[in-house]
Amino acid sequence: MNILVVDDDQIVLESCKRILESEGFSVTLSPSAKDALKKLDTSEDPNRENLKLLLVDVKMPEYDGLYLMTKVLKKWPDLPIVVMSGYPTQDTISDVVKKGAAYFIAKPFTPDELLRAVNRVIKKEGL
Amino acid sequence: MSLLVGGLSLVVGGQLIYRAVLNEAVSRIRLDLNAAREIYLNREKHINVALNVTKLDEDFKSALINLDVNFLIPRLEDVAHEIDLDFAGIITRSGMTLCRMGSLPGSVKKNELINPIAHLALKLRTMVSGTVVIEQDILLAENPELAERARIQLLPTPRAAPRTEKEETSGMAIASAVPIFEDNRLLGVLYGGILLSRSKEIVDRVRETVFQREIYRGRSIGTATIFFKDLRISTNVFTPEGQRAIGTRVSEEVKDKVLDEGERWTDRAFVVNDWYITAYEPIEDILGRRVGMLYVGVLEAKYVDIRRHALSVFFLITAAGLITAAFLGYILGYRILKPIHQLISVSNKVSQGDLSPEIGPISKSEIGVLQKTFGEMLSSLRERDRRQKAESENRLLQSEKQASVGRLAAGVAHEINNPLTGVLTFTHMLLRRKDIDEEMRSDLETIAHSTERVRKIVKGLLDFSRQTKIEAELTDVNKLIQETIALVENQALVRGVLFCFDPAEGLPLRTLDRSQFQSVLMNIIINAIDATEAGGHINLSTGLSVWTNHVSKKGIEIVVSDTGCGIPPENLDDLFDPFFSTKEVGRGTGLGLSVSLGIVERHGGTIRVQSKVGRGSTFIIWLPLEEKAE
């Protein structure tokens, strides 16, 4: 059960890794959309087959989360995506959901809130 | 325009004056002709009276009975001398001339013709006087000089009726003949008269008495003439050479009218060498034949002058009137039109945005009142303009403040949320551990709670900065208030505060964002609850009102008043500033009212506050009614 976390902020990546690993998920971290796409495209990645969920931040330099989301969903339409944002406006949320995100979570979150979101999505997807 | 009126009145007036002058001249010349006739007839009567007086003299009568020519001739000459007779004589009852003045006794020939007037008197046996035509041979008999006087060359005259003879030899005279009786026995006839041919006497007397020798440019104005037939035989009309115009004739037109038809003639006519206003009438002789004409005339030049004078006076009066009118017009224009023009240009300036134009000096008339009123209107316009400017400046400042605070908040929120995620994550992960003691757990919980507080503050900041669109729907404001009260009623009950809502009936529906507007109401009501002690009241009411700041626009008013602690005056101005709060730390973010004002303003409305410390506060939300789409 691998989860790929994409965020430009190291502390967020660390936090997510700590929370998700405590629940037994294997976690891959990526600092940018570009890097994440590269990781996903590399078939040699041992975790690639195991990838169950993408947790992605909206606001990132260069390519943002929405760009990454559209790219990923084009290639792997079945991959569930959870979007997180420190600036959760109504417009952002509805935009994200429209583009195919499975769930939206506002930063900052407590470990329980993140786990609840992740578990809900995975259960819904029947995995 | 006034020139046109002036010109017209000049033409009409000139014409009227000309007519009046002409009428006056014609009626005057008729009177003059009457006077001239009187003089003519008077002369005739004068002769008649003198002869009558003479015949009554007893000596004269006895001398006649005795045919004493030596007595009679000097006597005749005395009488003739006394009344200026040209001829005089005595006829015997057998029709013979007994004697004449100026002749020697016994010089009368037996076969001589007798004077026609004496002949008529003898025949009628009564006295006869009047005009008489005397043939040349009789004139020769009376006095060869008289025949010479009566002989008048006919001068060629334009427009006169044609006459074949070259000269006139007969004479015309005024004469009288009186029969003398002695005991009903006719003794003879005494006669005498004056020859009019070449005589100056009557015509000059007419000129002197009727026209009083009035002179116009060296010429006598009035003229008189006696015509024998159509011939001037006695006149004071002069030829250009300065001669009396004897021998010239009257125009055929006048001759036809007066001499042939026997009527009077009055009109302007060209006489000899000038234009005259003239009058003619026929002269009948003792036998009732029209033998001559009496004429008077005045120089038309005098009347032309009078007319010209009158016209120039009239012109002067008209011109003076025009100038006066123009002057009055100017005064009027200056006193009335000038301020009005100034007001017009001032209004133009006002319409172009200049609210402090120069109105000009205040007029003393009613225009002055208008000017003053206009000035007052301007100053109230300026006052309103100033107020609106101040208000809009204020509003701009407020919205700028909000916008910059919004941007700041968004940036800060975004930056804080990431580290906050870390703090929350690791605090909670530590709390999950079983191997920590109570003291540590308590410390970690404090960190977790504090972080929660930070999270709330940041969330509030984000709410404030959010520029969400209004999702409007038709809403019953009264119902929305009722629903909001229901949501906070429990909270109020806990505090011991009572609600009292007085909804206005028939309040029109309005489209508004229900959830946003509800949060505004909620915010204001919760503030009121927080400010009110137990036992206090919160009164809510709705109504329609007119907001004077918005050019008398009608709107819905929602009044929320509490009996709480009130707001100090120094805080009233800051009330709607972001982050302004009087609540203790941790209970309010200070964003509520500024967010609320933003929402109400996005609905086109505004929020007003009235407050007195210790008495309570009143918040009034005003929402304009929408203009109904046609």
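In chain A, Val6(A) sits opposite Ser30(A), a residue of strand S2(A). This is a predicted model, where local features need pLDDT of at least 70, side-chain atom pairs count only at pLDDT 80 or more, and totals for chains, interfaces and linings use all residues. As for the labels, residues are numbered from 1 along each chain as its sequence is written, while chains are lettered from A and ligands numbered from 1 in the order in which they are written.

Chain A comes first. The five strands make an open sheet, ordered S2-S1-S3-S4-S5 and paired in parallel; two strands count as paired if DSSP finds at least two bridges between them. At the edges lie strand S2 (26-30) and strand S5 (103-106) of chain A, each of which pairs on one side only. On average, neighbouring strands here are turned by 20 degrees against each other, direction ignored. Strand S1 (residues 2-6) of chain A is joined to S2(A) by five bridges in the parallel sense.

What lies across S1, S2 and strand S3 (51-57) of chain A? That is helix H1 (residues 10-22) of chain A, which runs at about 170 degrees to S2(A). Such angles run from 0 to 180 degrees between N-to-C directions, with axes as lines fitted to C-alpha atoms, for helices over the stretch in contact. Helix H5 (residues 111-124) of chain A also packs on the sheet, where it touches S3, strand S4 (81-85) and S5 of chain A, and its direction makes about 180 degrees with that of S5(A).

Of the 127 residues of chain A, 34% are buried (20 or more other C-beta atoms within 10 Å of a residue's own; 12 or fewer means exposed, in between partly exposed, with C-beta atoms placed from the backbone). Among chain A contacts with a separation of 6 or more, 59% link residues 24 or more positions apart; a contact means that two C-beta atoms, placed from the backbone, lie within 7 Å.

Chain B has an open sheet too, with five strands in the order S2-S1-S7-S6-S3 and antiparallel pairing. Its edge strands are S2 (97-100) and S3 (128-134) of chain B, and the twist averages 25 degrees from one strand to the next. Strand S1 (residues 87-92) and strand S7 (residues 185-195) of chain B run antiparallel, joined by six bridges; here Ala88(B) faces Gly192(B) in S7(B). Helix H4 (residues 116-124) of chain B packs on this sheet, at about 35 degrees to strand S6 (171-182).

Now for a bend. Helix H9 (residues 300-351) of chain B has a kink of about 40 degrees at Leu337(B), shortly before the proline Pro339(B). The bend is the angle between axes fitted to the seven residues ending at a residue and the seven starting there. Pro339(B) is buried, as are Glu300(B), Tyr303(B), Arg307(B) and Val346(B) in H9(B). Just after H9(B), Gly353(B) has a positive phi of about 105 degrees.

Finally, the two chains meet through 18 residues from chain A and 17 residues from chain B. On the chain B side, helix H10 (366-432) and helix H11 (438-465) are the elements giving two or more residues, and H10(B) gives the most, with 13 residues.

Methods: Helices (H or I, at least four residues) and strands (E, at least two) are DSSP runs, numbered from the N terminus.
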